[in-house]
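Thanks for coming. Please look at the structure first.

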Amino acid sequence: MASKPWSGQIVYKVESLNAEASAWDYLPQTITYETNGEAWKIIEQGTSFERIWLGNFEDEDYYILFHFLGHAIELLESCPSIDESAAGKSFDSPAPCPWSLPALPESCVLSDGPASFQITAIQKLDIPAKNWERKSFQLPKGYEPMDRMSLAALLTRISSSSY
């Protein structure tokens with residue numbers, strides 16, 4: 001009989017690896033990863049540009065939720081392919097697909113645009129799947145679904161209306 005997938009929360013500290021990226025306000029100071037074993041959520045904290053990432057382990061897409069110039073954005077992204085060479089010391093649980101790692105890392109290097117940063121687990125808490133609230137891993141209401149082209153069109157519309 002197979003064991004149940006891990007359910008719980010891990011808090012990661014974030015350390016920028018390129019000096020110029022330290023000044024960017026979208027890099028988080030901490031990342032909280034949560035899972036009930038079927039779905040996962042990543043919450044970035046400590047910036048003026050906080051984001052929430054949501055997905056299910058069996059899906060090929062995930063959501064990034066953020067606020068941008070007064071708009072609540074729900075961006076759908078495709079999971080990248082897994083980089084087996086990036087495997088390092090890890091917890092015995094699958095990693096969320098945006099990280100493109102085969103297993104949940106204890107520490108690893110991630111990239112976001114031109115920025116690279118190290119995440120290191122500072123707290124791990126086991127939480128039984130039954131203890132998560134029903135809505136913990138559902139998309140919240142009030143976000144505007146967009147793809148990258150729609151987001152670019154919004155940027156163009158906002159920048160042209162500001163003149």
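When I speak of strands, I mean DSSP runs of E with at least two residues, numbered from the N terminus. Keep in mind that this is a predicted model.

With that numbering, start at the loop between β4, residues 51–56, and β5, residues 61–68, where E60 is found. Is E60 buried or exposed? The cut-off for exposed is over 50% relative accessible area, and E60 has 68% relative accessibility, so E60 counts as exposed. E60 also belongs to a patch of negative charge on the surface, which gathers E38, E58, D59, E60 and D61.

Now the cysteines. How many disulfides does the structure hold? There is 1. C79 and C97 form the disulfide, and their sulfur atoms are 2.0 Å apart. C79 lies in the loop between β6, residues 71–78, and β7, residues 107–112, and C97 also lies in the loop between β6 and β7, so the pair ties together parts that are 18 residues apart in sequence. As for handedness, the torsion about the S-S bond of C79 and C97 is about -55°, so this disulfide is left-handed.

What about burial? Buried means under 20% relative accessible area, and partly exposed runs from there up to the exposed class. C79, at 22% relative accessibility, therefore counts as partly exposed. One more cysteine to mention is C108: with a relative accessible area of 8%, C108 is buried.

Definitions and conventions
Residues are numbered from 1 along each chain as its sequence is written. This is a predicted model: local features need pLDDT of at least 70, side-chain atom pairs count only at pLDDT 80 or more; totals for chains, interfaces and linings use all residues. Side-chain values use heavy atoms; hydrogens and water are left out. Patches are made of residues with over 30% relative accessible area and no salt bridge: like charges are joined within 9 Å, nonpolar side chains (Val, Leu, Ile, Met, Phe, Trp, Tyr) within 5 Å. Accessible areas come from the Shrake-Rupley method with a 1.4 Å probe; for residues, only the protein chains shown count as cover. A salt bridge is a side-chain nitrogen of Lys or Arg within 4 Å of a carboxyl oxygen of Asp or Glu. Lys and Arg count as positive and Asp and Glu as negative; His and the chain ends are not counted. The place of a charge is taken as NZ of Lys, CZ of Arg, CG of Asp or CD of Glu. Helices (H or I, at least four residues) and strands (E, at least two) are DSSP runs, numbered from the N terminus. Buried means under 20% relative accessible area, exposed over 50%, partly exposed in between (1.4 Å probe, protein chains only). A disulfide is a pair of cysteine sulfur atoms within 2.5 Å.
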